[in-house]
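Visitor: I am new to reading protein structures. Can you walk me through one, feature by feature?

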Amino acid sequence: MKFSVGDCVVHRHEGVCKITKIEKADFGDGKTKYYVLKPYFGNVVSVIRIPVDKAEQIRPHISKRDAQLLVKKLKRSKTVWINDNRKRKEHFQNMIVSGDLEALASIAHTILIKKHEFVKAKKAMPLTDQNLATFCEKLLNEELAVALGIKLEDVETYIAKHSK
């Protein structure tokens, strides 16, 4: 898929980014054309370069309609808990890399449910799961904010009001 300067895209690890320019650069493998991305949220000064001909790490953000539909079914997301920590982490990471928002919602929903179970049992939730939940929520909330045209800090309120 081809993108243009000014497009908002979703990077599978960085979240929503804006394409600030398209440039040619040589990083030791000859001149290559790159999308230059800047994270859309936060005060991050990092610059991300993605080769134009290998841009599978980025995709357009979802439409407003798709975002509204996703929010409506968030509370009904499938839980995907695997008891083996290593296998669970691997499974969740594969779901994250897929870039599927429903998968991210499923992870966040699952971990939220499990977090309540851990608290009820007076146990600590594994740090890996806490970090994955935070990461998934970041990606999900950023994309929903852009697609819905709302502020990032208003996403959780929007979800609470519109999910069933």
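Guide: Start with burial. A residue is buried when its relative accessible area is under 20%, exposed when it is over 50%, and partly exposed in between. Take E23: its relative accessibility is 19%, so E23 counts as buried. Keep in mind that this is a predicted model.

Visitor: What share of the 164 residues in the protein is buried?

Guide: Buried residues make up 40% of them.

Visitor: Which elements does the protein have, and in what order do they run?

Guide: There are five helices and five strands. Read from the N terminus, the order is β-β-β-β-β-α-α-α-α-α. The C-alpha trace spans about 55 × 35 × 25 Å along its principal axes.

Visitor: Next, salt bridges. How do I spot one?

Guide: Look for a side-chain nitrogen of Lys or Arg within 4 Å of a carboxyl oxygen of Asp or Glu. A search of the whole structure finds seven.

Visitor: Which residue forms a salt bridge with K21?

Guide: That is E23, and the closest N and O atoms are 3.6 Å apart. K21 has a relative accessible area of 40%, so K21 is partly exposed.

Visitor: What does the side chain of R49 meet in a salt bridge?

Guide: R49 meets E23, at 2.8 Å from N to O. This pair links distant parts of the chain. R49 sits in strand 4 (residues 48–51) and E23 in strand 2 (residues 15–26), 26 residues apart. R49 has 36% relative accessibility, so R49 counts as partly exposed.

Visitor: Which residues do salt bridges with shared partners join into one network?

Guide: K21, E23 and R49 are joined that way.

Visitor: Now the rings. How do I read an aromatic pair?

Guide: Check the distance between ring centres, then the angle between the planes. Planes over 60 degrees apart count as edge-to-face. The count here comes to four aromatic pairs. One of them is F27 with Y34, edge-to-face at 5.4 Å centre to centre and 80° between the planes.

Visitor: Is F27 buried or exposed?

Guide: F27 has 54% relative accessibility, so F27 counts as exposed.

Visitor: Why is the pair of Y40 and F41 edge-to-face?

Guide: Because their planes stand at 75°, with the ring centres 5.1 Å apart. Y40 is partly exposed at 41% relative accessibility. F41 is buried, with a relative accessible area of 17%.

Visitor: What about surface charge? Which residues form a positive surface patch?

Guide: K2, K24, K31 and K33 form it. Find K33 in strand 3 (residues 31–39). K33 has a relative accessible area of 45%, so K33 is partly exposed.

Visitor: Last, backbone angles. Which residue has a positive phi although it is not a glycine?

Guide: K122, with a phi of about 55°. Look in the loop between helix 3 (101–120) and helix 4 (127–148).

Visitor: Is K122 buried or exposed?

Guide: K122 is exposed, because its relative accessible area is 77%.

Key. Residues numbered from 1 in each chain as written. Predicted model: local features only at pLDDT ≥ 70, side-chain atom pairs only at ≥ 80, totals over all residues. Heavy atoms only, no water. Patch = residues over 30% accessible without salt bridge, like charges linked within 9 Å, V, L, I, M, F, W, Y side chains within 5 Å. Areas by Shrake-Rupley, 256 points an atom, 1.4 Å probe, with all protein chains shown as cover. Lys, Arg positive; Asp, Glu negative; His and termini not counted. Charge placed at Lys NZ, Arg CZ, Asp CG, Glu CD. Helix = DSSP H or I, 4+ residues; strand = E, 2+ residues; numbered from the N terminus. Buried < 20%, exposed > 50% of the residue type's maximum accessible area, 1.4 Å probe, protein only. Phe/Tyr/Trp six-rings, centres within 6.5 Å; stacked < 30°, edge-to-face > 60°.
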